[in-house]
Amino acid sequence: MRSSARARRYRPLIWLVSALLVLGAGAAAGDPAAADRTDTGTYGVPGLDYTYRAFVPAGLPEHPALLVMIHGCRTTAEQQQRANLLDPLARRAGFVVLYVDGTPLHRLQDRCWSGLLTPALESRTTGDAAAIAAMTRAAAERYGADPHRIYALGMSSGAFETALLGAYFPDLFAAVGLHSGAAFGHGVLGCVGPALPGAATEQLAAQAFSAQGGHRRVVPMIAVRGDADTTVSAECGEQAVAQWRATGNMTLAAQGVADRIPSEPMTFREGEVPGGHGYTVRTWDAPGASCPVLQAWTVHGMGHFWSGGADEPDLAEFTDPRGPSASVAAWAFFSRIERTADGFSCRPPDTVG
């Protein structure tokens with residue numbers, strides 16, 4: 001009864017943000033004569049307003065994919081939009097990017113998301129996770145997005161939040177991406193700051209499995225991190241990969257699937273950006289799937305930055321252009337994934353990059 005009451009309480013807020021998206025939009029999506037645009041608006045919860053920016057390329061397909069980008073601490077949606085160079089990719093590939101932002105309360109916590117600071121207070125009906133999901137649904141309706149091709153990608157504290165979204169909303173997000181993040185529900189202690197004993201991977205995997213509830217399915221995940229990151233520990237980055245593999249295997253077992261996602265990656269490759277960082281990519285496949293279910297990029301010598309972002313001087317604290325493009329890597333991974341009721345299906349590779 002309590003969950004139903006909460007759901008009813010959030011329903012008017014979803015209607016409100018839908019109306020704001022409609023009022024804030026310019027030319028109609030899908031109009032080939034329209035120019036690219038960035039819509040802005042707000043989403044209200046009692047006493048507070050979240051804000052968002054939506055990049056809408058000209059000439060979208062009738063039902064485009066939707067990628068939700070969640071920034072890190074001390075960053076705004078506008079800075080993230082400029083930093084990660086997703087917009088040019090969205091223009092070429094024909095998808096919408098929703099850059100979500102926090103409330104005035106988030107400014108008091110260095111613009112960090114609650115998935116980093118207080119993950120235990122997040123759920124399908126509470127906290128930043130519920131608000132981001134509501135904004136996502138409203139944007140999907142406004143822009144006519146394909147409901148099976150909605151993805152969430154987070155940087156730093158945004159990645160901590162994205163890990164929650166993947167577990168609480170597997171019926172909304174087809175796949176998730178964690179850049180410099182951690183496992184579901186881990187939070188700041190033991191990942192940021194002094195090295196402290198953290199929660200066991202098996203425990204976090206089981207919690208994510210439980211959080212999916214009746215919407216349970218295998219959720220593909222891509223992770224990117226720098227091995228010289230001194231902000232979020234390497235152990236937490238590796239644990240995120242292990243947790244999503246374990247959660248996926250719990251789901252496969254519950255579905256009666258005999259095979260499992262293997263502990264060792266199926267492929268391992270190395271590369272180097274000309275004049276920049278070397279990197280390693282590990283990929284895991286799911287039983288019976290023709291596209292990856294997990295992928296982990298490790299950028300050698302890179303710190304706590306968005307890999308391959310813009311090289312503008314005022315964005316230097318957020319990006320490392322010497323790394324491989326995390327945006328291109330994430331879209332290459334996401335573009336293969338289409339959500340199904342009990343898992344995912346694989347689309348042909350998208351050659352846009």
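Here is a quick tour of a helix and some aromatic rings in this structure. The model is predicted, so to speak of local features pLDDT must be at least 70, side-chain atom pairs count only at pLDDT 80 or more, and totals for chains, interfaces and linings use all residues. Residues are numbered from 1 along each chain as its sequence is written, and side-chain values use heavy atoms, with hydrogens and water left out.

**Helix α3**
- Helices here are DSSP runs of H or I with at least four residues, strands are runs of E with at least two, and both are numbered from the N terminus.
- Leu86, Asp87, Leu89 and Ala90 of α3 (residues 86-93) are buried, meaning under 20% relative accessible area with a 1.4 Å probe and protein chains only.
- Looking down the axis of α3, these buried residues fall within an arc of 160°, so they line one face of the helix; the arc is taken from the directions from the axis to the C-beta atoms.
- Just after α3 comes Gly94, with a positive phi of about 80°.

**Aromatic rings**
- The whole structure holds seven aromatic pairs, where rings of Phe, Tyr and Trp (its six-membered ring) pair if their centres lie within 6.5 Å; planes under 30 degrees apart are stacked, over 60 edge-to-face and the rest tilted.
- Tyr151 and Phe334 have ring centres 4.9 Å apart and planes at 5°, so they are stacked.
- Tyr151 sits in strand β5 and Phe334 in helix α10, so this pair ties together parts 183 residues apart in sequence.
- Phe95, Tyr151, Trp331, Phe333 and Phe334 make up one aromatic cluster.

Definitions and conventions. Buried < 20%, exposed > 50% of the residue type's maximum accessible area, 1.4 Å probe, protein only.
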